[in-house]
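Please read them alongside the coordinates.

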Amino acid sequence: MKEDHVNLQMIKTARERLLGVAQQTGLSYSNSVSKVAGCSVYLKLENLQRTGSFKLRGAYNKVAALTEDEREKGVIAASAGNHAQGVALAAGSYGCKATICMPRHAPLMKIAATRGYGADVVLHGEFFDEAAAKAKELADEYGYTFVHPFDDPYVIAGQGTIALEVLEQLPETEAFVVPVGGGGLISGIAVAAKSINPKIRIIGVQTANMPSMKESVAGGAIQTYNGKATLADGIAVKTPGKLTFDICSRYVDDIVTVDEGEIAEAILWLIERVKTVAEGAGAVSVAALMNGKVSGVHNKKVVSLVSGGNIDVNNMTRIINRGLTKSWRKIYLSTVLPDQPGELVKFLSIIADSGANVLSVTHERSQHSVGIGHTAVSLELETANEKHVEQLTETLKERQYHVLVK
C-alpha cells in the first residue's frame, strides 16, 4: 500500500463531506473507569452517533465519493449490522438503491433498522465473511457498486474523522484504545492521530473469540481465523483487509484481547456507572482498560472508543446476567443437606445473615449422586462482590456445609 492511499488530507476532506450528516459526539471523562484503569479515561461516545455507530462516517464518505454512474447501478454491502445502516442511510440520501448482505444470526434490531432506512436485506452465512462473499457474488451478477465495510480508503478516511474531533476536544490525548474487527476504524484513527502527533499510542482491542488482526500482525501476514460466536458480533471478522492490515502493521502499537465475560461486565459497567448503552463490540475498549489489558498508559490521558450502541434488547438479560456473574454479583451455589425438617431453613438463615439475597431455590431428592436421607439444594444468589462470596463460603464451611460455587 502506498502512503497516499489514506492520508491526513483525505480524512480532512471526509470531515467536510460529513458536515451536517455525522454528529460530533461527546468526549466524556469517566471517573469510574479511570479509577479501575489507573489512567484518565475519556469515552468517545460513538454509540450516540446517528444510526447508533461510528460506521455512518465511513459509509457516507464512500457513497458521497462515488460517481453518478456508480450510484445509478445501486450499492451493495456486507455487514453484521452497523455498516449496513450507514450504507442504507447514505444511499437514501443520494436516492440510490441499497442491498445489504448480513449474517443469518445478525441481531434482529439491526436487520429491522437497516430495512427501516430503505435497504433490501439478504441474510447469508454465519459470520461477516460469508455475507461478504455473497455480496460480492451479487455485485458481479447485477453490477452493483460494492461498499466494503473496512478495506476501502474512503471508508477508512471517514472513520478517521473521529480522531480529528478527539484531538480538538482533548489536544493532550496520549493514547487511543479502539475496537478492532476488520480494522477500518483503528486504521483511520491511527493515520489521523499519528500524522498530527506521532507520539500518540494506538492500542487495538479484539474479542478473544475472533482475534484475526492480532494474529495476522503478530505473524507478519494476513491470516484467516476460524473463531467462535461472540457478544461482540460487530467485530467478528475472520480475515482482516489488505489495506487495514498494512496500516495496523505500520501504525498500531499493540493489539490485546478480551473474553466474553469481560465484555459482558463492561457492558453492565457502562450501563450502571456511565449511564450509556454499548453493544458488545462497542464495549471491548472499556473491557480492556478495566481488566488491565492495556500497558503503557498508567496516569496518561486515554481516549476509549465506545464505537456502537446497537445492542439486541432480546439478549440484554443474558448479557447482564453474564456481567453480574463475572463481577461476583450473582452466584450459583449448590450443596447437599440432610432431608429433615428445619435443615433448609437453617441453611437459608446463614445466607440471609451474610447479606446475600436468594433469587431462586431448587430442592431435589432424586439426583443419582444424592444418598437416601439427603437432598440436593441449588441456589441463585445476589451478592455484593467477590469478597462477599468468599466470606459467605468460608462461613458455610465453618458450619460444616460442603458447597460448590459457580
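1. The lining of the largest pocket comprises 12 nonpolar, five polar and six charged residues. Note that the model is predicted.

2. How many cavities of 30 Å³ or more does the structure hold? There is one. The largest cavity contains about 290 Å³ of space, and 26 residues line it. Nearest the centre of this cavity are F54, K55, G181, G234 and I235. Two elements, α5 (82-93) and α9 (184-196), each contribute two or more residues to the lining of the largest cavity.

3. By class, the lining of the largest cavity has 12 nonpolar, 11 polar and three charged residues. For the largest pocket, the corresponding figures are 12 nonpolar, five polar and six charged.

4. A separate point concerns S327, which sits in the loop that runs between α14 (316-326) and β11 (330-338). Is S327 buried or exposed? S327 counts as buried because its relative accessibility is 18%, and the cut-off for buried is under 20%.

5. The S327 side chain makes a polar contact with the backbone oxygen of L324, at 3.3 Å. Leaving aside residues up to four places away in sequence, S327 is in contact with E265, N385 and E386.

Note on methods. Residues numbered from 1 in each chain as written. Predicted model: local features only at pLDDT ≥ 70, side-chain atom pairs only at ≥ 80, totals over all residues. Heavy atoms only, no water. Helix = DSSP H or I, 4+ residues; strand = E, 2+ residues; numbered from the N terminus. Buried < 20%, exposed > 50% of the residue type's maximum accessible area, 1.4 Å probe, protein only. Polar contact = N/O pair within 3.5 Å; in protein donor to acceptor, adjacent residues only side chain to side chain. Contact = heavy atoms within 4.5 Å. 1 Å grid on protein atoms, 1.4 Å probe; cavity = no way out; pocket = protein on both sides within 12 Å on 5 of 7 lines; lining within 4 Å. Points joined across faces, edges and corners; volume = space filled by probe spheres on them. Nonpolar A, V, L, I, M, F, W, Y, C, P; charged D, E, K, R; others polar.
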